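Colleague: I have not looked at this one before. Can you walk me through it?
Modeller: Here it is.
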Amino acid sequence: MPTRRSFLKVLLAASSGWYLSGLLPLTNETAKAIPIPQTAQLGAGSLVNTSQSKPLQSKLNGPKPLFNALSHLSTPTYDRSDQSVHPSVIDLKTEYGVNSWGGFRYWMALTPYPNFNSAFENPSILASNDGIRWIAPPGIINPLAPKPTGHVLDSYNSDPELVFDPDQNILILYWREYRGNVFEKIWAKKITSNYQQSDKFLCLEKIWDFKKTGLILSPTVWRKNSKEWFMWTCDGRMTIDLYTSPDGMTWSSPQPCSSPWETWNGGYVPWHVAVKPNYPEQTIEFLIVGWPKQKTINNCQLLYAIAPMKEPKELSMPLMSPVLEAGSKSRWDDGYIYRSSFVREHGNNPKFRVWYSACSKAKAWHIGYTEGTLDPLLSNGVKSSDTI
């Protein structure tokens, strides 16, 4: 078990970008050719190859609701690496009843992250009409925010989040700016359906003080209505914080949420988080990337949590295991899983649709797509981590 000193070193270095690039071993092997994108589906117990529409039989290994994608999606990036991380996806039709906005049904915020190079980690946007084939929208020039001034390794952007505001009929792009051991900032920019962009707006600013107050990682936002907005961030240690806002731009002081991951399956460290509302069940759903306390960041897995809408700080973890872990050897996602985004489809054929980022042991970052259903697992009577 690592010492507290070595544990903090990993966290601090990961947030500054340069140490993280050394967590995965270098390899002299030539990277394998990228296969045609395939997605994983859990329904009839088969994997679906979107390039051939031919099911490949597979079995679920343990009580996990999702399969790893057989290959990653193509996500064109402004640096032409097509390596990307930290997706934030909106499905306008499923989530808002809007068939198309700006000419597309799906919108995704992400950042390039070629081989762990944070200099290119600047917020960008892609669009799609099927959630699988993504393009840079013709009216958008990526990145939407340039690299901050400063040293290439100690000043960078990260952690984009995309939110739709139906009242204003706009997208709001949030992202984090980091200045090495000086400050962190959360910015926002508004985007109209004809691709006009506002100036960036400073939402939060925090002087660097990791030991006392932690970080503000991975902002994720739920717009309840025009007057009630909620934002969650991770502090890089054991806490997820909640902020509130009357307009999505000005935010309150942070309030710590409950932390069921401290004891769940021996304890996990939450690192990045994504939230979406589940209105039929009046809950907020969370996908949290974290790793077992006795391990390190390069053991990240995807965890599931929920909170009542009336008590958005009271999280619980009703599943018995992670929903997604690193892929098998030599797969595109055999390094570790990272921040992911999701959409829940209700109705007669409910689906839990996930766009997840992951790295390979060859140090390449990509985004994959998978889908499944959590309902059978959630109905098995497991109600909290206290029973694990």
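Modeller: One term to begin with: a salt bridge is a side-chain nitrogen of Lys or Arg within 4 Å of a carboxyl oxygen of Asp or Glu. This is a predicted model, where local features need pLDDT of at least 70, side-chain atom pairs count only at pLDDT 80 or more, and totals for chains, interfaces and linings use all residues. Residues are numbered from 1 along each chain as its sequence is written, and side-chain values use heavy atoms, with hydrogens and water left out.
Colleague: How many salt bridges does the structure hold?
Modeller: There are 13 salt bridges. In one of them Arg353 pairs with Asp91, with 3.4 Å between the closest N and O atoms. Arg353 is in strand S19 (residues 351-359) and Asp91 is in strand S4, so the pair ties together parts that are 262 residues apart in sequence. Strands here are DSSP runs of E, at least two residues, numbered from the N terminus.
Colleague: Arg353, buried or exposed?
Modeller: Arg353 is buried, at 6% relative accessible area. Asp91 is buried too, at 0%. Buried means under 20% relative accessible area, exposed over 50%, partly exposed in between (1.4 Å probe, protein chains only).
Colleague: Which residues are linked with Asp91 and Arg353 in a network?
Modeller: Arg105 and Glu345 are linked with them through salt bridges.
Colleague: And what does Glu205 pair with?
Modeller: Glu205 forms a salt bridge with Lys185, at 3.9 Å from N to O. Glu205 sits in strand S10 (residues 201-207) and Lys185 in strand S9 (residues 183-192), so this pair joins parts 20 residues apart in sequence. Glu205 is partly exposed at 47%, while Lys185 is buried at 16%.
Colleague: Changing topic: which sheet is strand S4 in?
Modeller: S4 belongs to an open, antiparallel sheet of three strands, in the order S4-S5-S6. S4 (84-91) and S6 (124-128) are the edge strands, each pairing on one side only. Two strands pair if DSSP finds at least two bridges between them.
Colleague: How many bridges do S5 and S6 have?
Modeller: S5 (residues 106-112) and S6 pair over five bridges. Leu110 stands opposite Ser124 in S6.
Colleague: Last one: where is Asp235?
Modeller: Asp235 is in the loop between strand S12 (228-234) and strand S13 (240-245). Asp235 is buried, at 4% relative accessibility. Beyond its neighbours within four places in sequence, Asp235 has contacts (heavy atoms within 4.5 Å) with Phe210, Thr213, Gly214, Leu215 and Asp241.

Definitions and conventions: Helix = DSSP H or I, 4+ residues; strand = E, 2+ residues; numbered from the N terminus.
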